[in-house]
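I opened my notebook to look up a few things in this structure. My entries follow below.

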Amino acid sequence: MRNPPVAGLVTAAILFVIDQASKFAVTDVLQLNELTAERVVTPFFNLRFVANHGISLGLLHADSNTMRWALVAMTGAIAVAVAVWMTREPNRADRMALGAILGGALGNIVDRVRFGYVVDFADLHLGDWRPFLVFNVADAAITLGVLVLLVRALLMRDKRDVSSENPHA
C-alpha cells in the first residue's frame with residue numbers, strides 16, 4: 001500500500017464531527033427545529049431549519065420510506081467508492097478533498113438514518129435574493145471537496161514530458 005490516507009481520514013472525521021455538532025447546536029441548543037424556525041444572524045446570513053427530504057436541488061425527493069432507504073443506500077455506495085478512491089489516491093491534497101466529500105456524505109447519511117431527512121440550516125442571502133439553497137456543513141464540505149478535485153484535475157496536471165508519452169512525436 002502507498003501512503004495510508006491519514007490526512008483524508010482525519011479530514012473526514014473532523015468535518016463529520018463539525019457537521020453533526022453544528023446541526024445539534026442549531027436544532028437542540030438554539031431550538032430551531034421546526035419549519036418556521038429562523039434566526040437572523042447578519043443582514044446576509046440566517047439560521048433557518050429546513051428538513052431536506054431529497055438531495056441537491058430538490059432531486060430524488062424521498063417521500064416514502066422506501067425512497068428514504070434507497071437514498072441512504074445510494075449515498076452509502078458513493079461514500080464507499082470515495083473511501084476506496086482515497087486509499088488509492090497518491091496525492092495528499094486530493095486525499096484531503098476526498099476526505100471532505102466522505103465526511104460530508106457520512107454526516108448527511110447519519111441525518112437521513114436518524115430523522116428521515118437531512119438537517120439544513122445555513123441561509124446565505126442578499127436581501128430577498130437567495131443565490132444558494134439552504135445548506136449545512138456537510139453540503140459545504142462535499143461541494144468544496146469536489147471543487148478542489150476539479151480544479152486540481154483541470155489546472156494542476158502533472159507536468160510530464162509530452163514527447164515521452166507520444167511515441168509518434
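**Helix packing**

I looked at α1 and helix α4 (residues 137-155): they pack at an angle of about 150°, with their axes 8 Å apart. Axes are lines fitted to C-alpha atoms, for helices over the stretch in contact, and angles run from 0 to 180 degrees between N-to-C directions. That makes α1 roughly antiparallel to α4 (angles over 145 degrees count as such). Next I listed the contact, meaning heavy atoms within 4.5 Å. From α1, L15, I18, D19, S22 and K23 meet V137, A138 and A141 in α4. I sorted the residues of this contact into 5 nonpolar, 1 polar and 2 charged. Asp, Glu, Lys and Arg count as charged; Ala, Val, Leu, Ile, Met, Phe, Trp, Tyr, Cys and Pro count as nonpolar; the others, Gly among them, are polar.

**Model notes**

The model is predicted: local features need pLDDT of at least 70, side-chain atom pairs count only at pLDDT 80 or more, and totals for chains, interfaces and linings use all residues. Residues are numbered from 1 along each chain as its sequence is written, and side-chain values use heavy atoms, with hydrogens and water left out.

**Strands**

Helices (H or I, at least four residues) and strands (E, at least two) are DSSP runs, numbered from the N terminus. I checked strand β2 (residues 45-52): β2 and β3 pair in the antiparallel sense over 6 bridges (pairing needs at least two DSSP bridges). L47 stands opposite A122 in β3.

Note on methods: Angles under 35 degrees count as roughly parallel, over 145 as roughly antiparallel, 65 to 115 as roughly perpendicular and the rest as oblique.
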